[in-house]
Amino acid sequence: MSGAMSLGARIRRDRMLYLLLAPALAYFAVFHLVPIAGMVMAFQDYRIVGPSRFVGLKHFKLLFSSPSFAEVLRNTLVISSMKIILFFPLPIAFALMVNELRSRALRKFVQATAYLPHFLSWVVIAGVWIAFLSPSSGGMNKLRGLVGLAPLDYMTDKSSIRWVLFASETWRSLGWDSIIYLAALMRISPSLYESADLDGASALQKTWYITLPELRATMVTVFILNLGFFLNAGFDQVFNMMNDSVISVVDILDTYVYRIGLLNMQYSFSTAASLFKGAIGLILILGTHLASKRASGKGLW
Amino acid sequence: MRGAPSSPRDRLYRAAIGVFLVLVSIVVLVPILNLAALSLSAPERVPEVTGLTVLPKGFSLINYRVLAANPLFVRSILNSVFVTVVGTAINLLVSSMAAFALTRPSLPGKRLFMVLVIVVMVLEPGLVPEYLVVKRIGLMNSLWAVILYKAVNVYYLIILMRFFEEVPQSLVEAAVVDGAGYGTVLRRIMLPLATPALATLGLFYGVYHWNEYFRASIYVSDPEKYPLQLILRQFVVLDDTTTLIGSGAMLSYDEAARMSYAALKASTIVVAMLPVLIVYPLILKYYTKGVMEGGVKE
């Protein structure tokens, strides 16, 4: 029906739709497109007054030769690997276990408690963990005391802090990240289990030979989706759990960009680091999108 | 899989799993309950509260009274409520209008707009350029910066679009034939049909705004305008006791001598998570139900 109308007439007919769309477009323009265009300052010496001077790759050269950047990149990769690779099987195991529960009440209780931390802010979570790990009054050191170990200040201990990040991430996301697997488990046909029952299979055998293979597609999808965000090692978490004693082992790209950019006001240099992260991130996300489309027919968009 | 008789070995296996999962729940709950217990304990018995205590020793609301008497703290709650309520209303309004427009099949330029949505989704603007934009449009030291920087979450926009797409096109066309404009169709047909989706997204947006602290920390410099999470960060994470306590003499000398900072910090944490705990049953009801019935989209 619209084919017969000229473009101008169609636009005039749909002017109400453009009006409805306008606020979102204005938002995208101001808070996304303008700042993305503004990233050109990575190639300039930014000046608050007067024109900025084009300096080519100067800031990138500085960045790549800076020892602190190498350290930050290493931290990002290590922390991300812990959170993506090491953490990966945990929600799967959790979902499988929840699936074995026969008591509805227990199942509901376990799920309700396990999803809860996902909705707490990282400030709250950091507060909870700082208190729990406190060397003087925290629960963790109380437990250490019970088995005869001396108290340890986990938050300021360089060899512990990354594990604190891993553990608190697990605490926050174990339950929530298992939802996607639980949903997949509910789609498995009961007839598969019924025939296994006839063959006298044990619960463990059914998990190994039926459930896990049925979950494979979901696992692949989750894993590659996570890879797309590999350079986001968790800004809010690190920002709230970091302190001067451990900064050298937990400083990640995003906290580095913040510190260099907004605290030290090295605008162009910081934006060069942002752009580096953004470019790698873009490649990862596009790669992820294509990989996910191939694996499951479902892309990111 | 249910009706089959289970062997003793299977029962043992399931019992072990049950015990383990209860342990997981305990690990989640104990650190939270411990802070609640500490915050509610009688001041003179606070030393008895260990890191594993989950019930208050004695009972006292002194920490909460101290917080309620602190103008900066009370102010920060109002700021957080403002950001949460106004922010969520703007989120829902702007995204439902846009989602409606973008799901009209005949909209000229639809493809171009969708490309824009994907660009927004995959390209993350740097922190400094965003900061400079906020500065240039005059939103520094204003809670509006905290609200507007996330006026639309593109992922949620797409969820809403999927929802609108499922509304039969014939419903819309029938209304248009009857002389209703698009605005009326959106208000009278689409929004009522999308209420469950809007409620779920509203909860997620709401929790997001309530938990927001970082944008406030870079855009808002006046402590009078701090949201609660930022006050919490100053006090608990950065251990800055002067911003909160130093403002307004709210403690008598006697009270100050009896107070425990740890207990006061615990109370601040409890207050900061309280609204989330209150809406949590609704989240469980709407969201997890939605996930279990349909596909997962975050």
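Mentor: Residues are numbered from 1 along each chain as its sequence is written, chains are lettered from A and ligands numbered from 1 in the order in which they are written, and side-chain values use heavy atoms, with hydrogens and water left out.

Trainee: What makes two rings an aromatic pair?

Mentor: Rings of Phe, Tyr and Trp (for Trp, its six-membered ring) pair if their centres lie within 6.5 Å; planes under 30 degrees apart count as stacked, over 60 as edge-to-face, and the rest as tilted. By this rule there are 32 aromatic pairs over all chains.

Trainee: Why is the pair of A:Phe119 and A:Trp176 called edge-to-face?

Mentor: The two ring centres are 5.1 Å apart and the planes stand at 85°, so the pair is edge-to-face.

Trainee: Which parts of chain A does this pair tie together?

Mentor: A:Phe119 sits in the loop between helix 6 (104–115) and helix 7 (122–132), and A:Trp176 in helix 9 (residues 161–186), so the pair ties together parts 57 residues apart in sequence. Helices here are DSSP runs of H or I with at least four residues, strands are runs of E with at least two, and both are numbered from the N terminus. Both A:Phe119 and A:Trp176 are buried.

Trainee: What makes the pair of B:Tyr131 and B:Tyr219 stacked?

Mentor: The angle between the planes of B:Tyr131 and B:Tyr219 is 20°, and the distance is 6.2 Å centre to centre. B:Tyr131 belongs to helix 5 (residues 127–136) of chain B and B:Tyr219 to helix 11 (residues 214–219) of chain B, so this pair joins parts that are 88 residues apart in sequence.

Trainee: How do you know whether B:Tyr131 is buried or exposed?

Mentor: Buried means under 20% relative accessible area, exposed over 50%, and partly exposed in between (1.4 Å probe, protein chains only). B:Tyr131 has 12% relative accessibility, so B:Tyr131 counts as buried. B:Tyr219 has a relative accessible area of 1%, so B:Tyr219 is buried as well.

Trainee: Which residues do ring pairs link into a cluster?

Mentor: The cluster consists of A:Tyr115, A:Phe119, A:Trp176, B:Tyr156, B:Phe204, B:Tyr205 and B:Tyr280.

Trainee: What makes a charge sit over a ring?

Mentor: NZ of Lys or CZ of Arg must be within 6 Å of the ring centre and within 35 degrees of the ring normal. B:Arg233 lies over the face of A:Phe239, 4.0 Å from the ring centre. B:Lys285 lies over the face of B:Tyr286, with 5.5 Å to the ring centre.

Trainee: Which residues is B:Thr200 in contact with, leaving aside neighbours within four places in sequence?

Mentor: Contact means heavy atoms within 4.5 Å. On that basis B:Thr200 is in contact with B:Tyr286 and B:Tyr287. B:Thr200 is found in helix 10 (residues 195–211) of chain B, and its relative accessibility of 14% means that B:Thr200 counts as buried.

Trainee: What is the phi of B:Asn141?

Mentor: Phi of B:Asn141 is near 55°, a positive value in a residue other than glycine. Most residues other than glycine have a negative phi. B:Asn141 lies in the loop between helix 5 and helix 6 (143–148) of chain B, and with a relative accessible area of 22% B:Asn141 is partly exposed.

Trainee: Why is B:Asp239 called partly exposed?

Mentor: B:Asp239 has a relative accessible area of 46%, so B:Asp239 is partly exposed. B:Asp239 also has a positive phi, about 60°, although B:Asp239 is not a glycine. Its place is the loop between helix 12 (228–237) and helix 13 (241–245) of chain B.

Trainee: What is the mean pLDDT of chain B?

Mentor: pLDDT is the predictor's confidence in each residue, from 0 to 100. The mean for chain B is 89, and 90% of its residues reach 70 or more. Over residues 294–298 of chain B the pLDDT is below 50, and this stretch has 12 contacts in the model beyond near neighbours in sequence. Where pLDDT is low, the predicted coordinates should not be read in detail. Chain A averages 92, with 98% of the residues scoring at least 70.

Conventions. Predicted model: local features only at pLDDT ≥ 70, side-chain atom pairs only at ≥ 80, totals over all residues.
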